Amino acid sequence: MQNTQSYSSSISRTRTFDLILTSMLIALVFVSTLLLNIKLPITANGGLVHLGTAMLFIASILFGPKKAAIAGAVGMGLFDLVSNWTLWAPFTIVARGLQGYIVGKIAWSNGRNGNSVAFNLLATIVSIPVMLAVYYLCEGVLYGNWIAPVASIPGNIVQNVVGIIVAIPVASALKKVPFFK
């Protein structure tokens, strides 16, 4: 009986910790997107460069695909809901959820657990076309025009490149902290 209680208590603590950690990652992505952003003057909807992408990549590398997918989808989706980008929230949820999952899945593949800088870089690069495709398709449908969405691609690429430049060294440094080993 006592072993069952101990096991149940251990599972409960693990689930609680996972819930708290995921919630904190959502908050970090949201705040990084909200407070550290620059609207690009490319076109009317030329995009937004923010550090939420870097935080999404860091979460993916440090914690894997599931937590990253949730953090990216909910964190950036919430940003869209509370800002002038409300129309984009459902698309952001899909695009950033997929992006976080892809980066985490590749970075954590074959037991790497985000410890390979080369695979982390590869993971972030591989995720970019998926994010671009989701936003392109959504913008094409929203505006009924398949040419106009091309104008958003440069801004989205800049956002991802900035995210990679920030995330790879930060994640590498954090991987040396005992908590992440």
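Trainee: Is Asn113 buried, partly exposed or exposed?

Mentor: This is a predicted model, so take each value as computed from it. Asn113 counts as partly exposed, because its relative accessibility is 32% and that class lies between the 20% and 50% cut-offs. You'll find Asn113 in the loop between H4 and H5.

Trainee: What is the phi of Asn113?

Mentor: Asn113 has a positive phi, about 50°, although it is not a glycine. Asn110 is another case: its phi is near 50°, again positive in a residue other than glycine. Asn110 also sits in the loop between H4 and H5.

Trainee: And is Asn110 buried or exposed?

Mentor: Asn110 is exposed, with a relative accessible area of 72%.

Trainee: Let's turn to helices. How far apart are the end C-alpha atoms of helix H3?

Mentor: Start with the general idea: an α-helix has 3.6 residues a turn, so residues three or four places apart point the same way. Now the case here. Helix H3 covers residues 65-82, and at 1.5 Å a residue its 18 residues should span 26 Å. The end C-alpha atoms are 26 Å apart, which agrees.

Trainee: Which residues of H3 are buried?

Mentor: Among them are Pro65, Ala68, Ala69, Gly72, Ala73, Met76 and Asp80. For H4, the buried residues include Thr92, Arg96, Gly100, Val103 and Ala107.

Trainee: What do the buried residues of H4 pack against?

Mentor: Their partners are strand E2 (48-50), H2, H3, H5 and helix H6 (153-174).

Trainee: How do H3 and H4 pack, then: at what angle, and with their axes how far apart?

Mentor: In general, two packed helices are described by the angle between their axes and the distance between the axes. Here H3 and H4 pack at about 155°, with the axes 7 Å apart. An angle over 145 degrees counts as roughly antiparallel, and H3 and H4 are therefore roughly antiparallel to each other. The crossing of H3 past H4 is right-handed. On the H3 side the contact includes Pro65, Ala69, Ala73 and Leu81, while H4 brings in residues including Ala89, Ile93, Tyr101 and Lys105. By class, that contact has nine nonpolar, six polar and four charged residues.

Trainee: What about H2 and H6: at what angle do their axes cross?

Mentor: Roughly 40°, and the axes come within 7 Å. H2 and H6 are therefore oblique to each other. Their crossing is right-handed. Phe57, Ile61 and Leu62 are among the H2 residues in the contact, and H6 supplies residues including Ile164, Ile168, Ala171 and Leu174. The contact divides into 12 nonpolar, four polar and no charged residues.

Trainee: Leu62 came up there. What does Leu62 touch?

Mentor: Leaving out residues up to four places away in sequence, Leu62 touches Trp108, Ala171, Leu174, Lys175 and Phe180. Leu62 lies in helix H2 (residues 52-63) and counts as buried, at 6% relative accessibility.

Conventions:
Residues are numbered from 1 along each chain as its sequence is written. This is a predicted model: local features need pLDDT of at least 70, side-chain atom pairs count only at pLDDT 80 or more; totals for chains, interfaces and linings use all residues. Side-chain values use heavy atoms; hydrogens and water are left out. Helices (H or I, at least four residues) and strands (E, at least two) are DSSP runs, numbered from the N terminus. The expected span of a helix is 1.5 Å times one less than its number of residues. Buried means under 20% relative accessible area, exposed over 50%, partly exposed in between (1.4 Å probe, protein chains only). Axes are lines fitted to C-alpha atoms, for helices over the stretch in contact, and angles run from 0 to 180 degrees between N-to-C directions. Angles under 35 degrees count as roughly parallel, over 145 as roughly antiparallel, 65 to 115 as roughly perpendicular and the rest as oblique. A crossing is left-handed if the near helix is turned anticlockwise from the far one by less than a right angle, and right-handed if clockwise. Contact means heavy atoms within 4.5 Å. Ala, Val, Leu, Ile, Met, Phe, Trp, Tyr, Cys and Pro count as nonpolar, Asp, Glu, Lys and Arg as charged, and the others, Gly among them, as polar.
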